[in-house]
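This report is intended for reading alongside the sequence and the three-dimensional structure.

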Amino acid sequence: MAPHLLLCSVHFWHSGEILSIINNLTFKAILTTIGRKTGNEHSVWAKAVTYNNMIYFSRRNPNSDWLKNAIANPKVKVKFDGKEFSGNARLVQEEELSKKISTLKYTDKNRQDEPRIVLEIQISSV
């Protein structure tokens, strides 16, 4: 079975300006999802990657609560560098892109070769 990807499309608007994205950057961000059972916000620290003006979050395990929450309710928030953005997540399938994200995210060859599930979020201002 091909890995599913959730890609993060990034067009950051902050104070009426588009913020630029530095590609091929790995950083920690807070991803906030809405609980699929409780309806409450849940936040996790996650490693993110930028590539082609997009931000990607990935998981090896599809049973992650934040991933299941984002699939059930695509309204999410991403916070990093002191700024918070809202967005919509969606699930896609692209094995080549998944491999590229793993290569950018990890330096260890074994981790790079693991299948990943990646999160795409189209960002708007909060």
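## Basis of the model

The model is predicted, and local features require pLDDT of at least 70, side-chain atom pairs count only at pLDDT 80 or more, and totals for chains, interfaces and linings use all residues. Residues are numbered from 1 along each chain as its sequence is written, and side-chain values use heavy atoms, leaving out hydrogens and water.

## Nonpolar cores

A nonpolar core is a set of buried Ala, Val, Leu, Ile, Met, Phe, Trp, Tyr and Cys residues joined through side-chain atoms within 4.5 Å. Buried denotes under 20% relative accessible area, exposed over 50%, and partly exposed in between (1.4 Å probe, protein chains only). Helices (H or I, at least four residues) and strands (E, at least two) are DSSP runs, numbered from the N terminus.

The largest nonpolar core has 19 residues, of which Leu31, Phe57, Val78, Phe80, Leu119 and Ile121 touch the most other members. At least two residues of this core come from each of β3 (26–34), β4 (41–51), β5 (54–59), α1 (65–72), β6, β7 and β8 (117–125). The most is given by β8, with four residues. Another core, of seven residues, lies apart from it and includes Val49, Tyr56, Ile101 and Val118. In soluble globular proteins, nonpolar side chains tend to be buried together.

## Helix α1

Trp66, Leu67, Asn69 and Ala70 are the buried residues of α1. These residues lie on the same side of α1 because they cover an arc of only 165° around the axis; the arc is that of the directions from the helix axis to the C-beta atoms.

Strands β6 and β7 run antiparallel and are joined by six bridges; two strands pair if DSSP finds at least two bridges between them. Val76 has Gly87 in β7 as its bridge partner.

The two strands form a hairpin with two residues between them. Asp81 lies in the loop between β6 (75–80) and β7 (83–90). This residue is exposed, with a relative accessible area of 65%, and its phi is near 55°, a positive value in a residue other than glycine.

## Ser58

Ser58 lies in strand β5 and is buried, with a relative accessible area of 8%. Its side chain is joined to that of Lys105 by a polar contact of 2.9 Å. A polar contact is a pair of N or O atoms within 3.5 Å; within protein, one must be able to donate a hydrogen and the other to accept it, and residues adjacent in sequence count only if both atoms are side-chain atoms.
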